[in-house]
Structures are given as structure tokens and as C-alpha cells.
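Please look over the sequence and the model shown here before reading on. The briefing after them is meant for a first reading.

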Amino acid sequence: MTCHILIATIRNIDAESARWEEEFGVGLTSAEHYREDVPVTLPYLYEAYDDDLPLLMLLNELMTIGDVVELYEYCEGKKGVVAMNRREEAVTVNLHQKTYQDQHGTYKLNQKKWLNDLATKRYLTDRSVTTFLKY
């Protein structure tokens with residue numbers, strides 16, 4: 001099974017993506033061809049190429065106060081596309097307040113080690129959209 005990390009944003013970030021690839025090692029390309037198959041709601045859709053920690057660093061850098069970004073793991077395999085959206089399993093991460101919220105509650109991340117704390121949580125899944133906020 002092949003999985004893709006998709007990022008939906010409220011603003012176009014094409015012009016900035018080359019700098020982020022150089023600075024964070026995370027490549028971003030347009031993923032509009034997945035639009036009809038994924039449950040994201042924001043207008044610009046990108047595919048990210050890399051692992052967890054640089055991706056989280058990129059999101060923190062990408063977002064300004066008031067921004068919203070959606071993450072979704074899109075998987076396709078022998079049985080075709082596996083896309084679902086179980087809202088009850090949705091995760092919300094506030095990068096400004098350093099909180100993580102899932103179906104079990106809201107958790108405060110360590111102010112100094114929040115990046116490592118978040119990397120150990122389930123924030124990317126093919127079962128629901130993860131919303132990152134910064135306010």
C-alpha cells in the first residue's frame with residue numbers, strides 16, 4: 001500500500017515551497033489530482049515528501065497567526081483507494097497554544113519540547129482529517 005501525506009491550506013504556498021524544501025528538507029508538490037478522493041475542505045492541496053519531525057517544523061513555520069491547515073494520509077493499494085473520514089477520530093492541534101485534542105480529550109504539550117511531544121502522538125491518519133490551528 002502506498003500512502004501520501006496531503007496538506008490542505010487556505011492560501012497558495014507554491015512560491016515558498018522551494019525555500020522550505022531547502023530549509024526543512026520537505027518537498028511539496030501540487031496534489032489537486034487527489035481532490036475528489038480526500039475529505040479536506042481548504043482550497044489548496046499539496047503532497048509532502050518527508051517524515052514526521054521536519055514536517056511538523058515546516059507546519060509551524062508555514063503557519064501564521066490565524067491560519068488553518070488540514071493534514072490527511074491518503075492510501076492506495078491493491079484494493080484501490082482507501083479514503084475515509086471518521087469525524088469522531090479527528091485530531092486538532094493548536095500550534096500557538098501548544099495543545100493536542102483527540103476523541104479522548106485535550107492535552108497540553110510541553111512548551112519547550114512540544115515538537116517532540118507532538119511527534120509521539122497520532123496526528124496523521126487515513127481515518128480522519130487532522131486540523132492544525134495557530135491562534
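This is a predicted model: local features need pLDDT of at least 70, side-chain atom pairs count only at pLDDT 80 or more; totals for chains, interfaces and linings use all residues.

The chain has 135 residues, of which 44% count as buried. Its secondary structure comes to three helices and nine strands.

**The chain as a whole**

- Among contacts in the chain with a separation of 6 or more, 69% are between residues 24 or more positions apart.
- The chain has an accessible surface of about 7,300 Å², and carbon and sulfur atoms account for 48% of that surface.

**Helix 1**

- Helix 1 covers residues 17–24.
- Ser17, Trp20 and Phe24 are the buried residues of helix 1.
- Seen down the helix axis, these buried residues of helix 1 fall within an arc of 55°, so they line one face of the helix.
- Ala18 and Glu22 are exposed, and they are on the other side of helix 1.

**Gly25, after the helix**

- Helix 1 is followed by Gly25, which has a positive phi, near 75°.
- Gly25 belongs to the loop that runs between helix 1 and strand 2, the latter being residues 27–30.
- With a relative accessible area of 39%, Gly25 is partly exposed, because this value lies between the 20% limit for buried and the 50% limit for exposed.
- Gly25 and Pro54 are 29 residues apart along the chain, and their C-alpha atoms are separated by 7.0 Å.

**The disulfide**

- The count of disulfides comes to one.
- This disulfide joins Cys3 to Cys75, with an S to S distance of 2.2 Å, and the pair counts as a disulfide because its sulfur atoms are within 2.5 Å.
- The torsion about the S-S bond of Cys3 and Cys75 is about 105°, so the disulfide is right-handed.
- Cys3 is partly exposed, at 37% relative accessibility, whereas Cys75 is buried, with a relative accessible area of 2%.
- Cys75 counts as buried because its relative accessible area of 2% is under the 20% limit.

Note on methods. Residues are numbered from 1 along each chain as its sequence is written. Side-chain values use heavy atoms; hydrogens and water are left out. Helices (H or I, at least four residues) and strands (E, at least two) are DSSP runs, numbered from the N terminus. Buried means under 20% relative accessible area, exposed over 50%, partly exposed in between (1.4 Å probe, protein chains only). Contact means heavy atoms within 4.5 Å. Accessible areas come from the Shrake-Rupley method with a 1.4 Å probe; for residues, only the protein chains shown count as cover. The arc is that of the directions from the helix axis to the C-beta atoms.
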